[in-house]
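Dear colleague,

I am handing over the structure that we spoke about, and below it you will find an account of what turned up in it. Please read the account with the structure open beside you.

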Amino acid sequence: MSSLSSMRLWGMIRKESLQILRDPSSIAIAFVMPVVLLFLFGYGVSLDAKHIPVGIVIEQPDTATQSLAGAFERSEFFRPLHFDAIQSAQQALDERKIEGIVWLRNNFSASLLAGHEAPIGVIINGVDSNQANITQGYIQGTWLAWLEHYAASRGQPLAMPVSLQQRVWFNAALSSQLFLVPGLIAIIMTLIGSLLTAMVVAREWERGTMEALMVTPLRKSELLIGKLAPYFILGMGGMLFSVALAVWQFGVPLRGSFWLLLVSSALFMLVALAIGLLISIVSKNQFMAGQLAIIVTFLPAFILSGFLFDINSMPGWTQVITYLVPARYFVAIVQTLFLAGDVWPVLLANMAALFIMLLFFFSLVWRKFRKRLD
Amino acid sequence: MAFRLIFALAIKEFLALLRDKRSRFVIIVPPIVQLLVFSFAATYDINNVPVAIYNEDGSEAARELVSRIEGSPNFQVIAYIDRDSDVAPLIDNREVLLVLHIGQRFSANLIQGRSAPLQAIVDGRNSNTAMIAMNYLRSIVLDYNRNWLAAQGQGGSQVNLQTRAWYNENLQSRWFIVPGIVALLTLVVTLLVTALSVAREREAGTFDQLLVTPLRPLEILIGKAIPGIVIGLLEATLIIVLMVILFDIPLRGSLGALYLGIVLFLLSAVGVGLMISAIAATQQQAVLGAFLFLVPAVILSGFSTPIANMPQLVQWLTYLNPLRYFLIIVRGVALEGNSYALLINQYWPMVVIASITLTLAGWLFRRRMY
């Protein structure tokens, strides 16, 4: 590295930058793709259920059943449809017109007054298990609130002696958008850093322009830095753009330090670039590079990073694999920096992991990248 | 229409596809990787939620509540703390998702018949996990309350919810995800095979040779569509078999209804693939085009998150997406035991989509030819 010539290096960076500027598709990937992806995921992926259609079956209407039905009517989580008989409600469930049924049998009020067991039947369409869990929770919540109210109005002892009070930190409304949008920045940076770089550099191998570079007096270090610098800048530009959209368009709070975000993003960007470069060296053609980049970087970043699916809930061996996914560390960093703030233990541990990956992948690139033809 | 010629072209397409190393790779490797990764890792099931207990009340009642948490398979108590200042670091550092705080006057309140608050402090960074963990906690508290009331001999109103889930009785997310993968992989493979077919010939320069044969444009189009449909059918069948054997997911409905759905879906997918193929000049562009279609198609389909949660405008957009209808068919047949009658509203939109995309593909094809 001692003889790193700034003139040669500068020339190389200039050539690469011109190449990017002349090829509008790279610019498009860096700036148009973040917008499209953020809007698509920001608005298209939501785990917040509201106005869930539920069927309320009341076999014998009276004041008690009416007040319970009223509780469902008033809740913003439900859009109740009324049925007289369970059969017609079950048919509606089969036809996917409703997601669940709350079934008050004809002896409900009588049993309630007499102090007997007064069960309420709940049937939920379980196909989408996560949605079913959430719906079940909302039904339980609505019913509990009604029960408290009902017992109090009749001067009965507390129906619920222990009352659960939840205090949610960092995301008080439990909005899934606040949870997903920061992680999305990691996905977008993976796409720019690995997919774009892998394909563009593979194109040079395919077209033979890499050979042309090899016969120049450029050193290996200069060649690598010159290749990576423009993509690094492009990727960081895409990152800043995504952060701006997250804060101003989606209203995600940035509670941590912006500079820490910048430093950790730079670290992750370098890891992504190193992997992209490595893929291009291994595959040497655009098609393989594209496929490999999707399988090795994009899919794991999507599924194994904790961006959407909880890592703690995965089977043991899958959890082990997630430690090999750089996006895992960066997703933890951005989720914490955006929603929680500068939590040093989380940030340091994950940045250290990224740094180790950076060293590992760069040493691999250094060994695999040869200035000669095989 | 010369069926013999179309047949010959279809055979040639198959041979070209299977001989090309790259095409073989696309058909075989990504589907297997995706099936395994998605099926094992993509889970919304929450278990072993790490919790910390902050118990300031040494009474029997409080201990009983703590032991219920300890005994639950959904929770794993990893810390017991006794100071307010211990709460923040545990949650901030993501060591626990939830801190359960039992105040000093918990049992005193309980015995005097007053409301005894139980405070749960939750990390909301992952909103979904937080919400489901709270649901589990609520069930435990509910159970505890019922026991307490019974033990105190306070009858009150004995109301309880008896919840049953239909179709996916144990609410396993794998039952939701894996049938979705049948649809996803069928789409990916069919789209790539057809999108690459014309582009490959253009790149190799053999497309001109095809043009000077007696085949008419429409016949070329059909010949190019057949391999996509056949490979899509095989791929779908393979994944359905794996779904039933490897992942123990039932197939409760009518197989005929499922295959009618598969054929209609394949026709729509082939239409889109051929459109991309007709526009793209190189394989590179064809892959990019397929990717540009796939990402929104998957996200706006109900594959991983419900369509009903999307904003109204986006919900309207999903009506254009063939994957939306096919996902309902696969899940409907596999889990809900549906047959033709309940799926009719999923069939006809795909017929419309297929006719439009295939017509457009034919039109683009003819325009790009001359």
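Chain A is divided into domain 1 (6-45 + 176-368) and domain 2 (52-153), where the bounds come from an automatic or database domain assignment. The centres of these two domains of chain A, taken over C-alpha atoms, are separated by 48 Å. For chain B the assignment gives domain 1 (3-42 + 172-369) and domain 2 (49-152), and their C-alpha centres lie 49 Å apart.

Please keep in mind that this is a predicted model, in which local features need pLDDT of at least 70 and side-chain atom pairs count only at pLDDT 80 or more, while totals for chains, interfaces and linings use all residues. Residues are numbered from 1 along each chain as its sequence is written, and chains are lettered from A and ligands numbered from 1 in the order in which they are written.

Turning to the contact between the chains, 84 residues of chain A and 88 residues of chain B take part, two residues being in contact if their C-beta atoms, placed from the backbone, lie within 7 Å. On the side of chain A that touches chain B, helix α6 (residues 129-153) of chain A gives the most, with 13 residues; helices (H or I, at least four residues) and strands (E, at least two) are DSSP runs, numbered from the N terminus.

The open sheet has five strands in the order β5(A)-β4(B)-β3(B)-β1(B)-β2(B), with mixed pairing. β5 of chain A and β2 (75-81) of chain B stand at the edges, each with a single partner strand, so one side of each is left without a neighbour in the sheet. Neighbouring strands of this sheet are turned by 25° against each other on average, direction ignored; axes are lines fitted to C-alpha atoms, for helices over the stretch in contact, and angles run from 0 to 180 degrees between N-to-C directions. Helix α3 (residues 60-71) of chain B packs on the sheet, touching β1 (49-55), β2 and β3 (98-102) of chain B, and its direction makes about 170° with that of β1(B).

With kind regards

Terms used
Two strands pair if DSSP finds at least two bridges between them.
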